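Notebook open, viewer open. I want to look up a few things here and write down what I find.

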Amino acid sequence: MSDILQKQLSRRELLKGGAMLASIGVLATTAVITSTPAFAGVPQAAMQYRDTPNGKQDCSNCSLYVPGSSAKANGTCKVVDGSISPQGYCVAYAAKA
Ligand code: SF4
């Protein structure tokens, strides 16, 4: 086998090895992400959540609120756990921009 052919084979094998290592990395990352439990949110009491507004501040105009099926239906929150009233409020309130 010529030197050039041996170098090409070595380079090919090196690239194959690199691709295999990258694949293993992707699989390992995917396994970690899929095995991590879903974020449950901070308990309502810990955030002093209440189902009444604080003046004009309420969940419906908070950037962390995820609306329910209608404007009056309870939704969820990206921070606080459980069912969240659109008229609710907590200390994590963050006005929509
Ligand atoms: S962060 Fe607080 S105020 Fe904002 S939506 Fe969640 S519970 Fe409501």
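This is a predicted model: local features need pLDDT of at least 70, side-chain atom pairs count only at pLDDT 80 or more; totals for chains, interfaces and linings use all residues.

First, a term I need: a residue is buried if 20 or more other C-beta atoms lie within 10 Å of its own, exposed if 12 or fewer, and partly exposed in between, with C-beta atoms placed from the backbone. I looked up the protein chain with that, and buried residues make up 12% of its 97 residues.

Residues are numbered from 1 along each chain as its sequence is written.

**Confidence.** pLDDT is the predictor's confidence in each residue, from 0 to 100. I got a mean of 79 for the protein chain, with 60% of its residues at 70 or more. Over residues 20–34 the pLDDT is below 50, and beyond near neighbours in sequence this stretch has 0 contacts in the model. (Two residues are in contact if their C-beta atoms, placed from the backbone, lie within 7 Å.)

**Layout.** I counted helices (H or I, at least four residues) and strands (E, at least two) as DSSP runs, numbered from the N terminus. The protein chain has 1 helix and 2 strands, in the order α-β-β from the N terminus.

**Ligand.** Which residues are closest to the ligand? I found Cys59, Cys62, Tyr65, Cys77 and Cys90, out of 14 that surround it; a residue counts as near if its C-beta atom, placed from the backbone, lies within 6 Å. The shell splits into 13 nonpolar, 1 polar and no charged. (Ala, Val, Leu, Ile, Met, Phe, Trp, Tyr, Cys and Pro count as nonpolar, Asp, Glu, Lys and Arg as charged, the others, Gly among them, as polar.)

**Core.** A nonpolar core is a set of buried Ala, Val, Leu, Ile, Met, Phe, Trp, Tyr and Cys residues joined through C-beta atoms within 7 Å. The largest one has 9 residues, including Tyr49, Tyr65, Val80 and Ile84. Leaving aside neighbours within four places in sequence, Tyr65 touches Cys59, Ser60, Gly75, Cys77 and Ile84.

**Val66.** I placed Val66 in strand 1 (residues 65–66). Is Val66 buried or exposed? Val66 is exposed, because it has 10 other C-beta atoms within 10 Å.

**Gly41.** Gly41 sits in the loop between helix 1 (3–35) and strand 1. It has 16 C-beta neighbours inside 10 Å, so I put Gly41 down as partly exposed. Its C-alpha atom is 8.1 Å from that of Cys77, 36 residues apart along the chain.
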